Amino acid sequence: MKKKEIETLFKKTPKKGFYTLEKDGYLFVLESLGLFKYGLLSVIEEKGPLNEFIDRLVIHNQYVERSYIINNEFGVVLNRIDINALELLLDEIIAFFKDNHIENICLHCHQRKDLAFFYNDVNIEISCEECLQEVEYKEHSSHLLRGILGALIGCIIPTFLFIISRHIGYLIAPVGILYGLLAYYGYKKLGYYMDKKGICASFLTAVVTMFLGQSVRYVYDVVDAFQANWKIKVSFSEALGVMPGLINGSVLAVGLVYLIYILVFLLVTYVIVIVIEKRKGYHFNVIEKL
Ligand SMILES: [Zn+2]
């Protein structure tokens, strides 16, 4: 099914791959599972010949791969279904619900109440408003190692720019901003979510790669110094070898100034990104009625 086809029947939601439908007083959520599969979900009363109906769906409908009812959550896994077949299936399900006086209930209190779709950044839930005020959403944990890998990959570009910009001081600001953006979103991309742990880890990743970048810059400074003072060409590895003897307080101090500038831009970028993401509701514990 193409997105446009789905949207002729379902409403799209802020969550990618999730759609909602209110039909004949029944609420459904459609979730794209990838590989042409979809999950059709609802929360209903368990009564009547529901189990037989669920078994029958799998046997008689070629698109239904699996159907279940667990703790009042009704779900149907669909494979390669088209929009017309989906509409027919919905009619069949709704007709069965009506015939057996099965109603939607709240996911949390399991009562017939005024229900609505709620978006909590992790899921789309069918719930009553009272319950949502009491339910505490646990922050989804990000995947630390994957996240750090993402931040590291993100930091390659600013580190490279930092190294090659030794003679161009004004690149420091964009380098700092890039460190902030790429470390944050690199972590979020591979670590699935962003949380407090992710903010600290990605920030530290940026700082560590920044120090590595500065170390490489020191070595190139040695190469330059040999060239300028004694007209001697030394390679990067030779310069690296003599480095320890040449490093002193004043050399370190020059590098430190750059690091502090970048750090300031990195910090400011982080604060701005975190504020924007929070406003957009991309951090957790945000519940929105759809
Ligand atoms: Zn409730």
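Helices are DSSP runs of H or I with at least four residues, strands are runs of E with at least two, and both are numbered from the N terminus. This is a predicted model, where local features need pLDDT of at least 70, side-chain atom pairs count only at pLDDT 80 or more, and totals for chains, interfaces and linings use all residues. Residues are numbered from 1 along each chain as its sequence is written.

**Helical spans and domains**
- UniProt, in an unreviewed entry, lists "transmembrane region" at residues 144-164, 170-187, 199-220 and 251-276; positions follow the numbering used here, feature names are shortened, and annotations may be inferred rather than shown by experiment.
- Residues 144-164 are 100% helix and 0% strand, and their end C-alpha atoms lie 30 Å apart.
- Domain 1 covers 3-134 and domain 2 covers 144-285, with bounds from an automatic or database domain assignment.

**Nonpolar core**
- The largest nonpolar core has 30 residues, including Val43 and Ile126; such a core is a set of buried Ala, Val, Leu, Ile, Met, Phe, Trp, Tyr and Cys residues joined through C-beta atoms within 7 Å.
- β3 (26-34) and α3 (83-99) are among the elements that each supply at least two residues of this core.

**Positive phi**
- Leu35, not a glycine, has a positive phi of about 50 degrees and sits in the loop between β3 and β4.
- Leu35 is exposed, with 7 other C-beta atoms within 10 Å; buried means 20 or more such atoms, exposed 12 or fewer, and partly exposed in between, with C-beta atoms placed from the backbone.
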